[in-house]
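Hi everyone, thanks for coming along. Let me bring the structure up on the screen, and then we can walk through it together.

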Amino acid sequence: MKRGLLWKGVIIGLVVLVGALSAYPLGEKISLGLDLRGGTYLVLQVETEDALRAETDKDLARLVQELQDKGLETASGTRTSSTAFDILGVGADRAADVSTEAAEFLPGWDYQRRDDAVAFEMKAQNANLIANQSVKQALETIRNRVDAFGVSEPVIQRQGLEGNRIVVQLPGVDDPERVKKLIKNTAFLDFRLVAYPPDGRGAPSREEILGNYGGRLPDDVEIVSGPIRDSEGNVVAEQYYAVEKVSVITGRDLKDARPGLGDFNQPIVNFFLTHEGGQRFGDVTGANIGRGLAIVLDGKVRSAPTIRAQIRDSGIIEGSFTRQEVEDLSTVLKSGALPAAITYLEERTVGPSLGQDSIDQGLKAGLLGMALVVLTMFLVYKLSGVNAVVALAMNIVLIFGALAYFGATLTLPGIAGIALTIGMAVDANVLVFERIREELRHGRTVKSAIDAGFGKALSSVLDANITTLLAALFLFQFGTGPIRGFAVTLSIGIFASLFSAIFVSRWLFDMILSRRRRVDRLSI
């Protein structure tokens, strides 16, 4: 054997060996997607209005504080919509002070004097930026929460470039109900001062609260309910609180949260605030000792303890939780509070049996297709068909080896990509073999016909594979989920196909020719 052929054989053997070792054992090395393994598919919508409202509250509170620090003690404010608020108690003679403070601290707002108030409206560009950031933050928060549960190969991505929807796919989750509950738990947390009953005990009905205010709530107050639980944590009744609309702090000010035990060994959550949040929390609690402070989670008052002393950078959340609820809540808060509530638009569960059926059907289809391809190649190209079948088998080994090496997830569209690649690999062999046949019909020798066949077919094979590869790259760049899986297997298959159809197939022909001094006939 010539040295060149020997080295080519060594290279081919090493490539195949690496591919086989990379893919072995196949069941452990190849991760299956949601459609094959089963799992949960969710489409969520981020309610960006919540994030805009929280930002409006924060800017409103800051502006009022700055104005009061400048000597305008009568300055107050009220939110009129999720992106607008009014500053009250500032006469026309002090309008310049409002303009100065707004220009310095609120560059993302437009404002104008209207009657006895200064009306602020968030700029559209600023509102779009906050909404976009809230979706990104929600995406990262959900990813952290899912990662905390150790779900393998989750798919969590935004639907569309500017949309407010998030797609979550959790293949093979061990405890689907708990993970779904964890994601569903929006945990939009904020702390608000209680206006009535002032000590935070809660009123038995909305009517009692409205009666206290003469039938109409002040503009800066709203009624929020909270559950009353028995000793086992079951909800037995509801009670109501009149709380200020403006939040003291929100979940964005949280730095850490941990499960713990209270004075009576009841499960609680210990939380720790950021430096800025701690300062703001300390100022408010220090100025409102004796008042109730409502801890509002997902629109429900979880507890409303009375402020006994100034609280700065840490505190507790208690509310007749079970141990499991405390662990889940601390996980949710620690992974980052969601900037806005979430609405579930679609929920679908794929059973493992359906996935196994897909695998079985795909395996049957693949084996049947391969059997037909092998039979066709033997019937049409005789012994040269063996060459094509060997190259095809090598192609499959390389595809699964590459999938395992890159940690790709195999999905049903991915299997379709592999099937398409196998077809293209056979097509490349057919192009080469037909060229060789044509050269033989023109009276060329076997060696010359093989040289000419591979040389003339090369451009056609490259053209077909390169154009398909470009299409696969576009699908990977702009596609999502299963579309990307299809693009990955198709791209890997194209490189494996080119290697096997051109390099390996040619080496097999050269091996046959090198063993005989003269070859007059080729079985093709």
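Let me start with a term we will need: a crossing of two helices is called right-handed if the near helix is turned clockwise from the far one by less than a right angle, and left-handed if the turn is anticlockwise. Please also keep in mind that this is a predicted model.

Now for the pair of helices I had in mind. Helix 4 and helix 5, residues 95-105, pack with their axes 10 Å apart, at an angle of about 130°. That angle makes helix 4 oblique to helix 5. And which hand does the crossing of helix 4 and helix 5 have, left or right? The crossing is right-handed.

If you zoom in on the contact, helix 4 brings Arg62, Leu63, Glu66 and Leu67, and these meet Asp97, Val98, Glu101, Ala102 and Phe105 in helix 5. By type, the residues of this contact are five nonpolar and four charged, with no polar ones.

Helix 4 comes back in our next stop, the largest pocket, where it gives the most to the lining, with 13 residues. This pocket has a volume of about 1300 Å³. It is lined by 41 residues, and the closest to its centre are Ala61, Arg62, Val246, Arg280 and Val284. The lining holds 17 charged, 13 nonpolar and eleven polar residues.

How many charged residues line the second largest pocket? There are no charged ones: the lining divides into 17 nonpolar and four polar residues. This pocket holds about 630 Å³ of space. Among the residues nearest its centre are Gly362, Leu363 and Phe400. Helix 11 (352-381) gives the most to this lining, with nine residues.

Last, a few details of the backbone. Most peptide bonds are trans, and most residues other than glycine have a negative phi. Here, a cis peptide bond joins Tyr24 and Pro25, with omega about -10°, and Pro25 sits in the loop between helix 1 and helix 2. The bond from Tyr196 to Pro197 is cis too, with omega near -15°; look for Pro197 in the loop between strand 9 and helix 8. Finally, Lys382 has a positive phi, near 55°, and is found in the loop between helix 11 and helix 12.

Notes
Residues numbered from 1 in each chain as written. Predicted model: local features only at pLDDT ≥ 70, side-chain atom pairs only at ≥ 80, totals over all residues. Heavy atoms only, no water. 1 Å grid on protein atoms, 1.4 Å probe; cavity = no way out; pocket = protein on both sides within 12 Å on 5 of 7 lines; lining within 4 Å. Points joined across faces, edges and corners; volume = space filled by probe spheres on them. Helix = DSSP H or I, 4+ residues; strand = E, 2+ residues; numbered from the N terminus. Nonpolar A, V, L, I, M, F, W, Y, C, P; charged D, E, K, R; others polar. Axes fitted to C-alpha atoms, helices over the stretch in contact; angles between N-to-C directions. Parallel < 35°, antiparallel > 145°, perpendicular 65-115°, else oblique. Contact = heavy atoms within 4.5 Å.
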